[in-house]
Amino acid sequence: MTQTILDVTDLKKHFPIRGGLFGTTVANVFAVDGVSFSIAKGETLSLVGESGCGKSTVGKAVLRLFPLTAGQVVLNGTRIDDMPAGTLRPLRRQMQVVFQDPFSSLNPRMRVRDILAEPIRNFGLAKDKADLDRRIAELMDKVRLPRDAVGRWPHEFSGGQRQRIGIARALAAEPDLIVCDEAVSALDVSVKAQIVNLLQDLQSELGLAMLFISHDLAIVEHMTHRVAVMYLGKIVEVADRKSLFGRPRHPYTEALLSAVPVPVPGAERNRITLQGDVPSPIRPPPGCRFHTRCPYAFDRCRVEEPLLKDTVPGHLSACHLNDMPAARNPLLNNLPPTAFRAA
Ligand code: SF4
């Protein structure tokens, strides 16, 4: 049986907006509004969506970087969402993060050796100095940096090398889960590919579970096992990579995928351009949150919220189109929205 490392149920994070004379809550930003997923040992789940959809907030909530509004987060069988900070501290070893910006995520006043030694010391992982040195040398090997670079400062490295140091720092704690928050977004295309390959190699070597937060579907298509698509604080589709990229079952995913460049010269995807802006997370639309931009929206979408449910086993989607007979579902028949409306 596959071991579940992370199990998230109905996670909510609402940020209050305060105003008035007494600083009372006048509204809420519904950043994450009922998100559920799980990640198994050795598995990568990618969380994708446009900027502002709540995906990074999910990552931070899982890491317990702030208190949650509601929901349950279980790490390696232990519930951590309501755990006091003191009790949570030793469990933090099990979940580490790699941030987007390799330039600001490393302390410029610490040499690489000290950056890597910090988590090893904090979690009491080394028996003595020789063990500490051995662990640091092994971490440099793992991320394919020369061992003798441990005496250098962060500014002496390129962006890609710094991100390798960030990965080594995450690995230093011997985690079971790594949250990669746009970890390759700030890098050049060729360096991006190298870092993604490194993450994949480390995952198979160490059996890591990975939550890969990204807006870059071309990268995600290359490296993930499963994908969860977020829109305005909710997951609207989850499936394994092949199923989601092969046959999306939500109009939002269909539109996102239509913008991904096809790696075959001359080949094209029919680009779907979404109209309008993403609505404010302070006042999400009623019914389906995507209805204000969905090219297929019909009356039911404006009043009834679609539930995230299986369309085929393991491929979940929150869209009323999936309740239609397959022959009429435009997503399954490559019917353009105009043809769907006319039918
Ligand atoms: Fe579009 Fe309606 Fe499906 Fe929402 S439920 S994605 S508005 S068709």
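Modeller: Glutamate 237 stands opposite serine 317 in β12. This is a predicted model, in which local features need pLDDT of at least 70 and side-chain atom pairs count only at pLDDT 80 or more, while totals for chains, interfaces and linings use all residues. Residues are numbered from 1 along each chain as its sequence is written, and side-chain values use heavy atoms, with hydrogens and water left out.

Biologist: How do you know that strand β10 and strand β12 pair?

Modeller: Strands here are DSSP runs of E with at least two residues, and helices are runs of H or I with at least four, numbered from the N terminus. Two strands pair if DSSP finds at least two bridges between them; β10 (residues 234–240) and β12 (residues 315–317) have two bridges, in the antiparallel sense, so they pair by that definition.

Biologist: What makes β6 and β11 edge strands?

Modeller: In the open sheet the order is β6-β7-β8-β3-β9-β10-β12-β11, with mixed pairing, and β6 (95–98) and β11 (309–312) each pair on one side only.

Biologist: What makes helix α5 one that packs on the sheet?

Modeller: Contact means heavy atoms within 4.5 Å, and α5 (residues 159–172) touches β6 and β7.

Definitions and conventions. Axes fitted to C-alpha atoms, helices over the stretch in contact; angles between N-to-C directions.
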